[in-house]
Amino acid sequence: MDLSYTPEEEEFRARLREWLTKVLPGLPPKPSPDDWPGRRAYDLGWQRMLYDAGYAGLHWPADAGGRGATPTQHLIFLEETEKAGAPYVGANFVGLLHAGPTIAAEGSAGQRARWLPPVLRGEEVWCQGFSEPDAGSDLAALRTRARRDGDDYVVSGSKIWTSHAEVADWCELLVRTDAKAPKHRGISWLAMPMDAPGITVRPLRTLAGSTEFAEVFLDEVRVPVANRVGEENDGWRVTMVTLSFERGTAFVGEVVACRRVLGELAREARKNGRWDDTVLRRRLGRLNAEFLALWRLTQWNVSESERSGGVPGVGGSVFKLRYSRARQDLYDAAADVLGPEALDLDSPWTLDRLSSLSYTIAAGTSQIQRNIVAERILGLPKGR
Amino acid sequence: MDFQLTDDQRALRAGVRELLDRRFGRERLRAAVDAPGLDRALWRELGEAGFFALRLPEAEGGVGLGLPEAVLAFEEAGRALLTGPLVATHLAAGEVPGAATGEAVVAAVDGTVVEWLDEADAVRGDVTGAVAMRSADPLTPLHRVPRAGPPDPVAALLTAAEQLGSASRTCELAVQHARTREQFGRPIGAFQAVKHLCSEMLVRVEVARGAVYAAAVTADPLDIATAGLLADEAAEHGARDCLQVHGGMGFTWESDVHLHLKRAWLRARRGQSAAEAEEALAADLVAAAPGPRT
């Protein structure tokens, strides 16, 4: 058990810090949350800066244009960029963290050459067309169908919860190519150009009032068969290769951010007098323990994946269960520190509290995560 | 960074588990419940195996290992519900003659309680006015004392390690039962209501594990306070959920679940209280030089 970093890791950290100190002051002002073209330009601009400095695709394999960095280097990168207040991955999320790695793992040489470099260089944005109105937790029940017509698939159906759909160039799309096969075996993975005729994007308003994601309606959209990654009807496996590829780094930046936010909250409580409330003060102390422990668990998981060479694991479910709850507890405690300000939509705490509600739902609800932990780690029988 | 067990640490853990399986398995555990008392032969065997002298320098006849190894050994002790003043004797090694080798049994005042006072050859702390009580834990005789002893961070960490071992064991016991006990024509572990109890037990264990192991590496007071809070939670809540999964059987004397729960309650009373740990962690949030940030 060793929590110290190697000289190489420390050097990586020092060079990254130095670079961040140099470039962050020159960043353009952050666009407003509703300015989607502005957000796209800002996020792509940041990705281009990372690319030019040699930090793009840090965790991607070298033969896909990535840096082949170790999980620990990736942890350091996420920790330092968060601490320095660098931009988030934003519109580059799907390209860098899902569609890209999927293409890197399962795509042909031609597909890799076409789609991967623009993601790394910050030139193209991807969105994800997985969930449907009737296929949420039961994703494999998806019904958007693709009919073969010559060299094209003709796709009809609808997708939901698609982030950045308004400004995406490509959509990683799951479609049903065999309606008669068992549900997991009739799905294919397509790269759909978002400017194809027949696509309608309708923004969805969240309970926080923002339009963070959209519904996407597909009416006879033609997608070349050449855009299919993997074999026809093998799309479920193709998708899961990446979905389960978890190196323990998924929430590094967020845990670092939560620890900073908790410190801000404690100082706020000192200022407004709520710190004298013993029960509330101890609750903040407990949250300090919670996030320190989550940081330690992150280091544990990252070291584990470093040892196993990044073998897919389900430890991420354990982490997400605890973290999503802790994040909601943090913003509930914030509301008790702030009093009436917690009801003011102009307070950033209010929006963050509202956003925290999505954490126990997005990317696998806590109920689904508990099933995964019980069945895949503890070996309990399947059944509902 | 390599925050995982080394091969030597894995071997040490396996060795302690094997020793305790052989010398303090279920039959021996239940015999101890029926006839309480300290097994001096086992105590000496633990001494020979280096359990008490683990962190003593080799020059002083010890094993020369560190806190991480001690934590792994105490985790196994907690898992096996091993009896005796383990933490007090371990801490007395090198100071109280015979403690390191298991020739002596050393008790210590922790809070306002002393475990195993009547069996002890030496006692650390002021036990003037000690009064015996009927202990809720059938495997740990207790005395109350009027004056509290000072908290010891290493004792707190080793206690957290025992809690972690117990929590991990109750999770296993619950899962074993849920796999084999059938109702409505299928194993109760196939029902989500039961499944989710078990999943939450594992989550608490794994979060506590990271905290306990990190505290063993850093020996930082805040890491230790965190480890104590989370390991207590994992052990107490875990034993309760294990009891719940066992249903009526869990409420019987013959089940081992109550032994874990009662010991977890007892250990949670050692060292600083949860309120004190939370206050220390709160103070850190507004300190000029905060504790471990990364």
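Guide: Chain B holds an open sheet of five strands, in the order 3-1-2-5-4, with mixed pairing. This is a predicted model, where local features need pLDDT of at least 70, side-chain atom pairs count only at pLDDT 80 or more, and totals for chains, interfaces and linings use all residues. Residues are numbered from 1 along each chain as its sequence is written, while chains are lettered from A and ligands numbered from 1 in the order in which they are written.

Visitor: What makes strand 3 and strand 4 of chain B edge strands?

Guide: Strand 3 (122–124) and strand 4 (131–133) of chain B each pair on one side only. Two strands pair if DSSP finds at least two bridges between them. Strands are DSSP runs of E with at least two residues, helices are runs of H or I with at least four, and both are numbered from the N terminus.

Visitor: How do you know that strand 1 and strand 3 of chain B pair?

Guide: Strand 1 (residues 106–110) and strand 3 of chain B have three bridges, in the parallel sense. The definition asks for at least two, so they pair. B:Ala108 has B:Arg124 in strand 3 of chain B as its bridge partner.

Visitor: Why is helix 11 of chain A called roughly perpendicular to helix 7 of chain B?

Guide: The axes of helix 11 (residues 366–377) of chain A and helix 7 of chain B cross at roughly 80° and come within 8 Å. Axes are lines fitted to C-alpha atoms, for helices over the stretch in contact, and angles run from 0 to 180 degrees between N-to-C directions. Angles under 35 degrees count as roughly parallel, over 145 as roughly antiparallel, 65 to 115 as roughly perpendicular and the rest as oblique. So the two helices are roughly perpendicular.

Visitor: Which residues of these two helices meet?

Guide: Among them are A:Arg370 and A:Ile377 from helix 11 of chain A, and B:Lys195 and B:Leu202 from helix 7 of chain B. Contact means C-beta atoms, placed from the backbone, within 7 Å.

Visitor: How many residues does each chain give to the contact?

Guide: Chain B gives 47 residues and chain A gives 44. Helix 7 of chain B gives the most to its chain's side, with 16 residues.

Visitor: What makes chain B two domains?

Guide: The domain assignment gives domain 1 (7–144) and domain 2 (153–284). Such bounds come from an automatic or database assignment. The centres of the two domains of chain B, taken over C-alpha atoms, are 20 Å apart. Their contact takes 21 residues from domain 1 and 27 residues from domain 2.
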